Amino acid sequence: MNIGFGAWRFFLALLVVISHLWSGMIHGPAAYAVWGFFVLSGFLMTYVLQNKYGASAVGLRDFAYNRFLRIFPAYWVACVLGAVAIMVLPRFDVPLTSLNPQFSWPKGWVEWLGNTWLVPLPIANLLVPVSGALAVEVGAYVLMPLMAFSRPAAWLGLILSLLLNATYGISPESFAVRYSSFLTAFWVFAFGALIAHYQAVLNRFSRPLVSVGVWLLHALVWLAYDPWPWTYGLYFSVFLSGWVVLSLASRKVGRADIVLGNLSYPLYLFHTTVGVFVWLFMPPERSFAFFLISLVFTLLLSWLVVVFIDEKIDGLKRRKSFKRTTSSP
């Protein structure tokens, strides 16, 4: 199975897309996919901070600068497209909030701040309906250097965040706040960071095919036990996602994996907005045909974003690498 992080990111993004655009999607895998992204981010950001940027002020500056270029240019394009959809499509009786209840014009300066700068705040109205999880990730980037250079800090973040989860109670009624809040999701990034810290020890458990297979089988548990994804299944999925990340970390991959990885971010960003535009020409329902047509157009738009935005901006990134000479603490 010749896949790496690029193909894995694309697969996770695709699960989110299917869940939003097709009413027949089984429950659970999309939530597992979002927290799976968080595990991968925690691992990768720890790895690159330790091995590429270092802990100096210059290294941290370059890390922040390159993350900004990776996240915000494409995101702001998605904001503009989302604003156009909100202003124009209701005139054609396209029910935006039927596809996502948060797809609505921001109200007040706090919501505008959260929308434009991805501040991890509880926001009811979003220009990009999937940006809530993205804001959680951007918030984690701020604290990632602490966890990347200190195992105790990563452990502390994990423990405190899990304790906060426990205070809400692990029930379907508390799922939304546990799943989407910055503080309750933070432990997932910390878990990814700890995998990077202990990678040398954990590599003995690397099983690419088995780990992905078990992850997929776990995604089907909802078919037999409905409450599972909204209770303990979400947490169990994090450990399985960590196993996949560990197993794929050392794999050599080819061009296809890179292409899929590049497409994963715009695929995640644009699929809802593309979907509401497709509703101009189809009945406003989440049929399988609607999903397929929306997916094709989203992939086309994603390719354009990669070619005309991401690849152009990539040349602006700072390339100087820090070479670590000592082992991680």
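A residue is called buried when its relative accessible area is under 20%, exposed when it is over 50%, and partly exposed in between (1.4 Å probe, protein chains only). The model is predicted: local features need pLDDT of at least 70, side-chain atom pairs count only at pLDDT 80 or more, and totals for chains, interfaces and linings use all residues. Residues are numbered from 1 along each chain as its sequence is written, and side-chain values use heavy atoms, with hydrogens and water left out.

**Exercise 1. Classify Asp-62 as buried or exposed, and find its salt-bridge partners.**

Step 1. The relative accessibility of Asp-62 is 7%, so Asp-62 is buried.

Step 2. A salt bridge requires a side-chain nitrogen of Lys or Arg within 4 Å of a carboxyl oxygen of Asp or Glu. Arg-61 meets this rule with Asp-62, at 3.1 Å from N to O. Arg-318 also forms a salt bridge with Asp-62, with the closest N and O atoms 3.6 Å apart.

Step 3. Asp-62 belongs to helix 3 (residues 57–88), while Arg-318 lies in the segment after helix 14 (288–314), so this pair ties together parts that are 256 residues apart in sequence. Helices here are DSSP runs (H or I, at least four residues), numbered from the N terminus.

Step 4. Arg-61 is partly exposed, at 44% relative accessible area, and Arg-318 is partly exposed as well, at 32%.

**Exercise 2. Which parts of the chain does the salt bridge between Arg-70 and Asp-310 tie together?**

Step 1. The side chains of Arg-70 and Asp-310 meet at 3.9 Å, N to O.

Step 2. Arg-70 is in helix 3 and Asp-310 in helix 14, so the bridge ties together parts that are 240 residues apart in sequence.

Step 3. Both residues of this pair, Arg-70 and Asp-310, are buried.

Step 4. Elsewhere, shared partners join Arg-61, Asp-62 and Arg-318 into one network of salt bridges. The count by this rule comes to 4 salt bridges.

**Exercise 3. Describe helix 2 and helix 13.**

Step 1. Helix 2 (residues 29–53) has 25 residues and reaches 34 Å from its first C-alpha to its last, close to the 36 Å expected. The expected span is 1.5 Å times one less than the number of residues.

Step 2. Gly-54 follows helix 2 and has a positive phi, near 80 degrees.

Step 3. Helix 13 (residues 255–278) bends by about 45 degrees at Phe-270, the bend being the angle between axes fitted to the seven residues ending there and the seven starting there.

Step 4. Helix 13 is largely enclosed by the rest of the structure, because 17 of its 24 residues are buried.

Key:
Helix = DSSP H or I, 4+ residues; strand = E, 2+ residues; numbered from the N terminus.
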